[in-house]
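Please keep the 3D view open while you read.

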Amino acid sequence: MARDGAVYVCQVCGAAQAKWAGQCPACNAWNSLVEEVQSRPPGALAPARGSKQQRGLAFETLQQETPAPPRLSTGVEEFDRVCGGGVVPGSAILLGGDPGVGKSTLLLQVCASAANAGLACAYISGEEAVDQIRGRAARMGLAAAPVKLAAETALRDILEGLKKDRFDLVVIDSIQTLWSDAHEAGPGSVTQVRAAAGELVRFAKKRGVAVVLVGHVTKDCQIAGPRVIEHMVDAVLSFEGERGYPFRVLRGVKNRFGATDEIGVFEMGDAGLAEVRNPSALFLNSTGERAAGAAVFAGIEGSRPVLVEFQALVAPSAYGTPRRAVVGWDSGRLAMVLAVLEARCGLGFGNRDVYLNVAGGLRISEPAADLAAAAALASSALEEALPQDCVVFGEVSLSGDVRPVSRMDSRLKESAKLGFRRVLGPNGIEPAGDIALAGVTRLADAVKRIGEQSWGAKA
Ligand code: TYD
Ligand code: MG
């Protein structure tokens, strides 16, 4: 039986149970329930404070003028943009990402840049010693920045220390290393992570300090532990990158003060992360002829158009069950596009392996990429290359129709800027400038154009 006020909290999913069990009934993880003592029974309200007259709600109207939240610019533009145009004082931001992707590097740079711009910044690490951080800063040429450094994991000491000074921006690296003496559970447990985040969010709101919490992510792309604090913070950013590629993408997952579809692109080098102002040029492999199986997708990431290359390989399968492997795109969507190509365009993939890769390590989630993936697959299956100067976009429906997508003018403009002269896309787009449109209404028409190499007159 549970002790009075004790609940058992799953360290994987955060679900609370009244009784201990070997397996969590919510997420089926084994040995993940840990006892957590609550000061009052679940659901009970805290004893009322203040007199009866003081309590109650003061309602307001929606009409009232509210000034836009002030923004602090850190000077790292890609970071500021993903935050919605700078960090908001008093807000809490969670930065998630795989270990080693560059979270500490990014935030050290953000701190240094903000400190150089006159903001009071603190960088508190529970993972590295001060000497290590200093060494890294020196390598990145940031040693002169007036950032206050500390290596500490005890939450109480951190909060006491922070209260003694005035700060604009505080970085805590990472939330999983923090440890609060008010709880028995070990550092990194859901209990500790939640308690520490709660305290720090409260500190941020009360003092008007922007607090950035680092959280490590597990392999299945879930922020382990920190997932349970996503609802507490104002913004959740995720820092992504494929191993072996220098590109890193900062993506907004949740943002109470801005749009969530913004991305910031960085390149990891010897001197830390460099901001990439023109991602398209970086993601496109512009040297040489485009081979069969490659199609350049004119995509939109946040507010910016980004051109990336889809690469497909369709090869005879050596085994009974053909392989389908995809990097940078959704495997469910690949299955759908393959099915449409088979059923509506007469291309057979039944006994062939299919590989699809988005070059540069970017992850594409737009439906507008359907036609680019289909074009790459058809191009590989038919062994006919797309023209060197052709971009592709369009949504493909199960019936085999090619549908218009959002912001086609921005896609065309970016393509024209990078020297593309043709578009394989949905019919009825207004061609911009000197870009010629190879418009299609059916996927079968697109496949036919690729097979017959009929692209119309070059503009
Ligand atoms: P780090 O910021 O420590 O990752 P995280 O905090 O997300 O765990 O980044 C570590 C990686 O970045 C490491 O593999 C080395 C690489 N790196 C560079 O390539 N150049 C640099 O200037 C720095 C500081 C790191
Ligand atoms: Mg780190």
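With which side chain does the side chain of Asp-173 make a polar contact? Point 2 takes this up, after a word on the model.

1. **Ground rules.** This is a predicted model, in which local features need pLDDT of at least 70 and side-chain atom pairs count only at pLDDT 80 or more, while totals for chains, interfaces and linings use all residues. Residues are numbered from 1 along each chain as its sequence is written, chains are lettered from A and ligands numbered from 1 in the order in which they are written, and side-chain values use heavy atoms, with hydrogens and water left out.

2. **Asp-173.** The partner is Tyr-123: its side chain makes a polar contact with the side chain of Asp-173 at 2.8 Å. (A polar contact is a pair of N or O atoms within 3.5 Å; within protein, one must be able to donate a hydrogen and the other to accept it, and residues adjacent in sequence count only if both atoms are side-chain atoms.) Asp-173 is found in strand S7, residues 169-173. Helices (H or I, at least four residues) and strands (E, at least two) are DSSP runs, numbered from the N terminus. Asp-173 is buried but has no salt bridge, and Arg-136, the nearest side chain of opposite charge, is 6.4 Å away. Here buried means under 20% relative accessible area, exposed over 50%, and partly exposed in between (1.4 Å probe, protein chains only). A salt bridge is a side-chain nitrogen of Lys or Arg within 4 Å of a carboxyl oxygen of Asp or Glu. For charge, Lys and Arg count as positive and Asp and Glu as negative; His and the chain ends are not counted.

3. **Around Asp-173.** Leaving aside neighbours within four places in sequence, Asp-173 is in contact (heavy atoms within 4.5 Å) with several residues, including Ser-104, Tyr-123, Glu-128 and Val-214. Do look at Glu-128: this residue forms a salt bridge with Arg-136, with the closest N and O atoms 2.5 Å apart. Both Glu-128 and Arg-136 are buried.

4. **Helices H2 and H3.** Arg-136 turns up again where two helices meet. The axes of H2 (residues 103-116) and H3 (residues 130-139) come within 11 Å and cross at roughly 70 degrees. H2 is therefore roughly perpendicular to H3. Ser-104, Thr-105 and Leu-108 of H2 make the contact with Ile-133, Arg-136 and Ala-137 of H3. Axes are lines fitted to C-alpha atoms, for helices over the stretch in contact, and angles run from 0 to 180 degrees between N-to-C directions. Angles under 35 degrees count as roughly parallel, over 145 as roughly antiparallel, 65 to 115 as roughly perpendicular and the rest as oblique.

5. **Helices H4 and H5.** How do H4 and H5 lie, roughly parallel or roughly perpendicular? H4 (residues 155-163) and H5 (residues 190-207) pack at an angle of about 10 degrees, their axes 11 Å apart, so they are roughly parallel to each other. On the H4 side the residues are Leu-155, Leu-159, Leu-162 and Lys-163, and among those they meet in H5 are Glu-199, Leu-200 and Phe-203. Glu-199 also joins Arg-202 in a salt bridge (3.7 Å, N to O). These two are 3 residues apart in H5, which means that about one helical turn separates them. Glu-199 is partly exposed, at 33% relative accessibility.

6. **Phe-297.** With 0% relative accessibility, Phe-297 counts as buried. Phe-297 and Ile-364 are 67 residues apart in sequence, and their C-alpha atoms are 9.9 Å apart in space. Ile-364 is one of the residues in contact with Phe-297, as are Val-306, Phe-310 and Phe-393.

7. **Arg-344.** Arg-344 belongs to helix H7, residues 331-345, and is partly exposed, with a relative accessible area of 44%. A polar atom of its side chain lies 3.1 Å from the backbone oxygen of Leu-398 and one lies 3.4 Å from the backbone oxygen of Ser-399.

8. **The whole chain.** To step back, the chain has 10 helices and 21 strands. Of its 459 residues, 50% count as buried. The structure holds 19 salt bridges.
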